[in-house]
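Which side chains pair up in this structure, and where do they sit? Take a look at the model first.

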Amino acid sequence: QGRHVEARVAWWRQTATGEIARRLNDPAGDFENVGATRRSGIDLQVRAQVLPGLEGWGALAWQKATIAVPPPATPAFAGNAIDHVPEWLWSGGIEWQALRTTSLGLSGRGQSAYHLTSANAEGRWGRSAVFDLTLRHRLAPWFNPGLELGLTLHNLLADLHEYVWWDGAQTLHSPGEGRALTASLRARM
């Protein structure tokens, strides 16, 4: 073992004509024509083992998603952002093998805010930054090395994140998970 780094960079582009999207909050589950769209982005990923027993990883994505040619009924939407598409997404973490039988990890994930409709008139919502702290301990490694106890503190910083959408008259909010502690027991044969 020693220092080891893996990295990946990707640039991508996607165009579509006549893109459709499901109408949120529509009881019939109908779809609407978004128009011709253009998306592009850059994805970065890295994983590194900086010291024996200490590993880190991260991913960052930037994307631009716009309406290139709107439907004839909404010409003013040309150049607007596609709804519910955040520009930034990120995740990352570190894992430390503190002892032969015990590891500690910190991970996080998040995104920037997004527009609620193709009109881009209802503000930007949905920003989040959530971190989890995890402790794993192998129980009785001399008897069954595959038996592991896990404790995770979810949403360590109590980020108030939510999924938000527009019903045609107001914003509707579905809150994300608050701070919580979970325990798990994993058995591998």
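This report covers aromatic pairs and then salt bridges.

## Aromatic pairs

The model is predicted. It holds 3 aromatic pairs. One of them joins Trp90 and Phe131: the ring centres are 5.6 Å apart. Their planes meet at 40°, so the pair is tilted.

Trp90 belongs to strand 4, which spans residues 88-96. Phe131 belongs to strand 8, residues 128-138. Trp90 is partly exposed, at 29% relative accessible area. Phe131 is partly exposed too, at 25%.

There is also an aromatic cluster. Its members are Tyr114, Tyr163 and Trp165.

Arg39 is in strand 2 (residues 31-51), and Glu19 is in strand 1 (residues 4-22). The bridge links distant parts of the chain, 20 residues apart.

Are Arg39 and Glu19 buried or exposed? Both are buried.

## A bridge between strands 4 and 8

Arg136 and Glu95 form another salt bridge, with an N to O distance of 2.9 Å. Arg136 lies in strand 8 and Glu95 in strand 4. They are 41 residues apart in sequence, so this bridge ties those parts together.

Arg136 is partly exposed, with a relative accessible area of 27%. Glu95 is partly exposed as well, with 25%.

## A bridge between loops

Arg127 and Asp159 meet in a salt bridge of 3.0 Å, N to O. Where do these two residues lie? Arg127 is in the loop between strand 7 (124-125) and strand 8. Asp159 is in the loop between strand 9 (147-154) and strand 10 (162-166). The partners are 32 residues apart in sequence, so the bridge ties these two loops together.

The two ends of this bridge fall into separate classes. Arg127 is partly exposed, at 45% relative accessible area. Asp159 has a relative accessible area of 12%. That value is under 20%, so Asp159 counts as buried.

## A salt-bridge network

Some charged side chains are joined in a group. Glu148, Arg186 and Arg188 are linked in a network of salt bridges.

How values were computed. Residues numbered from 1 in each chain as written. Predicted model: local features only at pLDDT ≥ 70, side-chain atom pairs only at ≥ 80, totals over all residues. Heavy atoms only, no water. Phe/Tyr/Trp six-rings, centres within 6.5 Å; stacked < 30°, edge-to-face > 60°. Helix = DSSP H or I, 4+ residues; strand = E, 2+ residues; numbered from the N terminus. Buried < 20%, exposed > 50% of the residue type's maximum accessible area, 1.4 Å probe, protein only. Salt bridge = Lys/Arg side-chain N within 4 Å of Asp/Glu carboxyl O.
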